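Welcome! Have a look at the model below, then work through the exercises one step at a time.

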Amino acid sequence: MSSTSDKVKGVANEAVGNIKQGVGKVTGNDKLRAEGVVQEKKGEVQKAVGDTKDAVKKATR
C-alpha cells in the first residue's frame, strides 16, 4: 500500500470514528462511542504509517 493511500484511509477512519463517538454520545450508546475511539486510533496509526513511508522514501533518495 502506498503512503498516500495509508494517509487517506487513516483520515477516513478518523472521521468515521469521530462520527461514531458523536452519535454514541448523543444516543447514550457506550459501545458505539468505544468503537469510534478504536476506529479513530486506527486512523491515527494508518496516517503515521503513511508518514513513515514518506520519510523512508525521502531518506533513501
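**Exercise 1.** Is lysine 7 buried, partly exposed or exposed?

*Solution.* Start with the cut-offs: buried means under 20% relative accessible area, exposed over 50%, and partly exposed in between (1.4 Å probe, protein chains only). Lysine 7 has a relative accessible area of 26%, so lysine 7 is partly exposed.

Before going on, note that this is a predicted model, where local features need pLDDT of at least 70, side-chain atom pairs count only at pLDDT 80 or more, and totals for chains, interfaces and linings use all residues. Residues are numbered from 1 along each chain as its sequence is written, and side-chain values use heavy atoms, leaving out hydrogens and water.

**Exercise 2.** Find the salt-bridge partner of lysine 7 and say where both residues lie.

*Solution.* A salt bridge needs a side-chain nitrogen of Lys or Arg within 4 Å of a carboxyl oxygen of Asp or Glu. Lysine 7 meets aspartate 51 at 3.5 Å, N to O. Lysine 7 sits in helix H1 (residues 3-27) and aspartate 51 in helix H2 (residues 30-59), 44 residues apart. Helices here are DSSP runs (H or I, at least four residues), numbered from the N terminus.

**Exercise 3.** Which parts does the salt bridge of lysine 47 and glutamate 14 tie together?

*Solution.* First, the distance: their side chains meet at 3.0 Å, N to O. Next, the places: lysine 47 belongs to helix H2 and glutamate 14 to helix H1, so the pair ties together parts 33 residues apart in sequence.

Notes
Helices (H or I, at least four residues) and strands (E, at least two) are DSSP runs, numbered from the N terminus.
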